[in-house]
Amino acid sequence: MKAAPYYAEHENFIDAVSKLCERELAPHLSSWEKAEHFPNDVFTTLGSQGYLGLLISEEHGGSGGDYKLAGAWCEVFGELASVGLTVAVNMHSLVISHALERFGTPAAKSAWLPKAVAGEAIGAYAFTEPGAGSDLARIRTVATRRGDRWVINGSKTFITNGARADFILVLTKTDPKAGYGGFTTFVVDTKSKGFKVSKKLHKLGWHASDTAELVFEDVEVDDSCILGKLGEGWAQAASNLNWERLMLTLTSLAGARQCLESSITYAGQREAFGKKIESFPVIQRYISEMRRKILLGESLAHRALDVLCAGGDCRTLVAMAKRMLCDDAVWIADKAIQVHGGYGYTTEFLPERWWRDLRLMPIGGGTSEIMANIIIKELSK
Ligand SMILES: Cc1cc2nc3c(=O)[nH]c(=O)nc-3n(C[C@H](O)[C@H](O)[C@H](O)COP(=O)(O)OP(=O)(O)OC[C@H]3O[C@@H](n4cnc5c(N)ncnc54)[C@H](O)[C@@H]3O)c2cc1C
């Protein structure tokens with residue numbers, strides 16, 4: 001990505017990330033996608049260069065920076081044609097480590113943050129359960145007090161990095177009668193007795209990323225593993241979600257731009273009926289629609305990011321941006337396949353991977369329907 005005017009102050013950063021991706025990651029993506037796994041070296045490589053420490057203070061080994069710098073990262077790192085990999089990394093560094101720094105006890109922070117920033121310990125976020133996704137308040141994982149310990153029982157599903165994680169932020173109910181004040185998140189070491197990865201899930205896309213089902217059977221933790229304070233789990237989850245959703249939105253934007261670019265290139269090379277296909281009005285229309293959707297989505301996403309950076313209430317703006325860009329990115333990837341014709345349907349060209357990968361974005365982190373509900377609720381006030 002060439003630094004857009006919006007990120008002008010981060011031009012050197014964008015350039016450095018772009019070169020690193022091109023040199024160290026892009027050449028391996030196809031084989032990692034095929035193997036349905038990318039090595040943990042990706043984390044240590046990025047960690048050794050300070051890229052897993054964005055949003056983390058120097059005190060905890062991070063490189064600092066604000067949401068705008070992290071946004072620039074999402075847009076350039078998101079150009080890699082393996083959305084599973086980019087989101088697995090971003091969940092670890094920009095969402096999980098960030099939440100740990102914001103809310104964790106000093107003991108949990110010093111136990112995990114320096115290793116997380118170095119890429120030597122990998123994190124996961126376990127909210128969703130087999131019976132509770134959008135309706136998260138219905139989770140059934142409980143943590144009960146036994147002496148001076150907490151005992152966690154329950155199961156989680158669809159967890160990114162779940163099979164490779166060293167630590168997991170687990171949302172539980174500690175007081176089922178206390179409503180939203182009865183949720184608590186624990187930082188669980190995956191070496192704990194009673195923790196098990198019960199299944200690795202096979203998916204339409206995100207092949208290089210592991211998505212797992214997890215079981216917690218009498219997993220014991222102490223008070224130092226509570227993220228923040230008892231009963232704060234729901235409020236913490238809500239306050240993290242705006243940024244997580246924006247991260248997914250900016251990643252979709254990056255993917256949509258890649259689809260546009262490859263469509264323009266292909267349409268300028270492919271010939272039919274003695275002409276370049278770019279000369280056909282219907283192909284021009286697809287490409288101009290792609291561009292229009294990207295420009296609109298980009299301005300909405302950047303506006304939401306500005307409000308987030310300024311500490312304002314960006315929930316509805318984020319919901320609008322996520323709904324628009326995540327849906328449009330799938331449309332754009334679909335049209336990119338169309339512009340590439342039969343080749344677009346083969347694994348020799350990237351649009352099919354973009355389409356499979358971007359298809360998750362209107363589902364993960366809050367579905368498009370949930371985003372629509374947030375927008376409607378705000379309008380009805
Ligand atoms: C590859 C992958 C990675 C993921 N990573 C993680 C992770 O790391 N951690 C984690 O905790 N979760 C993760 N998730 C889970 C993801 O966040 C959920 O799948 C998502 O929140 C939707 O929940 P659900 O699948 O239970 O769908 P459901 O909630 O069952 O929804 C089914 C359908 O009903 C619609 N619906 C539900 N409620 C309403 C309503 N009120 N109004 C209108 N429509 C509604 C939905 O929009 C959807 O279309 C991941 C999922 C996948 C597939």
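## Ligand surroundings

Among the 22 residues around the ligand, those that come nearest are Phe-127, Gly-133, Ser-134, Thr-367 and Glu-369; a residue is near a molecule if its C-beta atom, placed from the backbone, lies within 6 Å of it. This is a predicted model, in which local features need pLDDT of at least 70 and side-chain atom pairs count only at pLDDT 80 or more, while totals for chains, interfaces and linings use all residues. Residues are numbered from 1 along each chain as its sequence is written.

Strand S1 (123-126), strand S3 (149-160) and helix H12 (368-379) each give at least two residues to the shell around the ligand. Helices (H or I, at least four residues) and strands (E, at least two) are DSSP runs, numbered from the N terminus. The shell has 10 nonpolar, 10 polar and two charged residues. Ala, Val, Leu, Ile, Met, Phe, Trp, Tyr, Cys and Pro count as nonpolar, Asp, Glu, Lys and Arg as charged, and the others, Gly among them, as polar.

## Domains

The protein chain is assigned domain 1 (5-121), domain 2 (125-231) and domain 3 (235-379), with bounds from an automatic or database domain assignment. The ligand shell takes residues from both domain 2 and domain 3, so the ligand lies between them.

## Contact of domains 1 and 3

The C-alpha centres of domain 1 and domain 3 are 21 Å apart. Their contact takes 20 residues from domain 1 and 20 residues from domain 3, where two residues are in contact if their C-beta atoms, placed from the backbone, lie within 7 Å.

On the side of domain 1 that touches domain 3, helix H4 (67-77) and helix H5 (83-103) each supply at least two residues. H5 gives the largest share of this side, nine residues. By class, this side of domain 1 has 10 nonpolar, five polar and five charged residues.
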